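This briefing sets out selected local features of one protein chain. Please read the points below alongside the sequence and the coordinates.

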Amino acid sequence: MKVIKPYQSMSKKEIEHRALDVLQRVQAKRKRPLKFPLDAGHLAESLGLDMDCGEIAPDEQGASAAMILPTERKIIMNESSLNLPKGFEESSIAHEIGHWELHIDKNAISKFVELQDSGVETAVEPFLCRSVNAQQGIEKQAQYFASCLLMPQFKIEDVKRGRDLTKWKHLYAMKDELGVTISNLTHRLQDLGLIYIPKDSKQIYPGKANS
């Protein structure tokens, strides 16, 4: 039984809007404002997703940082990923939330549950989160969603105030405030056209590539 929607092209603006919608829905359930760095596990639980940790064995396509069990509404973090740099876990969970929001057919899940409740046996494959190098299509969408979720533009504007974005020292301070990896942050800043880092270079330039 398929609960994953067919791939559909989405603009970055639309994906960012969907991520902001999640923040607004979670905020609506709280009495106090969301605090940064965001706790992605808390966001997932606020959306009705359980969190767990376990061993996810690599397969022919490589290792997986996490996976989502759609019909169980559960995100599983791979134990081997927990020793990776700080911020990786939050990014992985936010990535899975992206799949949940963008790619999983909630109506199909409801039908699956109805079949189960009526005694009909059926199976749904878990949704594995692949490595960055293996990203294609929906994986790129989920990763962009994760960046927008953990680093919304209003928060980027806040943390960059008084900082020089062309200095690594300032960027590392920003990534600590946002609770993400330095790779997450530099990709986000480049997506927003705030900095440009040439390939295979450590030099940071202000603005977009051709400025």
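Where does Arg73 lie? The model is predicted, and in it Arg73 is found in the loop between β2 (64-69) and β3 (74-78). The points below take up the backbone, the charged side chains and a pocket.

**Backbone geometry**
- Arg73 has a phi near 50 degrees, which is a positive value in a residue other than glycine.
- The peptide bond that leads from Phe36 to Pro37 is cis, and its omega is near 0 degrees.
- Pro37 belongs to the loop between α1 and α2.
- As background to these two sites, most residues other than glycine have a negative phi, and most peptide bonds are trans.

**Charged side chains**
- Side chains of opposite charge can pair when their charged atoms come close.
- With a cut-off of 4 Å between a side-chain nitrogen of Lys or Arg and a carboxyl oxygen of Asp or Glu, the count comes to nine salt bridges.
- One of these salt bridges joins the side chains of Asp21 and Arg25, at 3.0 Å from N to O.
- Both Asp21 and Arg25 sit in helix α1 (residues 12-28), where they are four residues apart, or about one turn of the helix.
- Asp39, Glu45, Asp50, Asp52 and Glu89 form a negative surface patch.
- Within that patch, Glu45 has its place in helix α2 (residues 40-46).

**Second largest pocket**
- The volume of the second largest pocket is about 350 Å³.
- This pocket is lined by 13 residues, of which Thr186, His187, Gln190, Ile197 and Ser201 are the closest to its centre.
- At least two lining residues come from each of α7 (168-178) and α8 (182-191).
- Helix α8 gives the most to the lining of this pocket, with five residues.

How values were computed
Residues are numbered from 1 along each chain as its sequence is written. This is a predicted model: local features need pLDDT of at least 70, side-chain atom pairs count only at pLDDT 80 or more; totals for chains, interfaces and linings use all residues. Side-chain values use heavy atoms; hydrogens and water are left out. Patches are made of residues with over 30% relative accessible area and no salt bridge: like charges are joined within 9 Å, nonpolar side chains (Val, Leu, Ile, Met, Phe, Trp, Tyr) within 5 Å. Accessible areas come from the Shrake-Rupley method with a 1.4 Å probe; for residues, only the protein chains shown count as cover. Lys and Arg count as positive and Asp and Glu as negative; His and the chain ends are not counted. The place of a charge is taken as NZ of Lys, CZ of Arg, CG of Asp or CD of Glu. On a 1 Å grid over the protein atoms alone, a cavity is a set of points where a 1.4 Å probe fits but cannot get out, and a pocket is an open set with protein on both sides within 12 Å along at least five of seven lines; lining residues have an atom within 4 Å of a point. Grid points are joined across faces, edges and corners, and a volume is the space filled by probe spheres set on the points.
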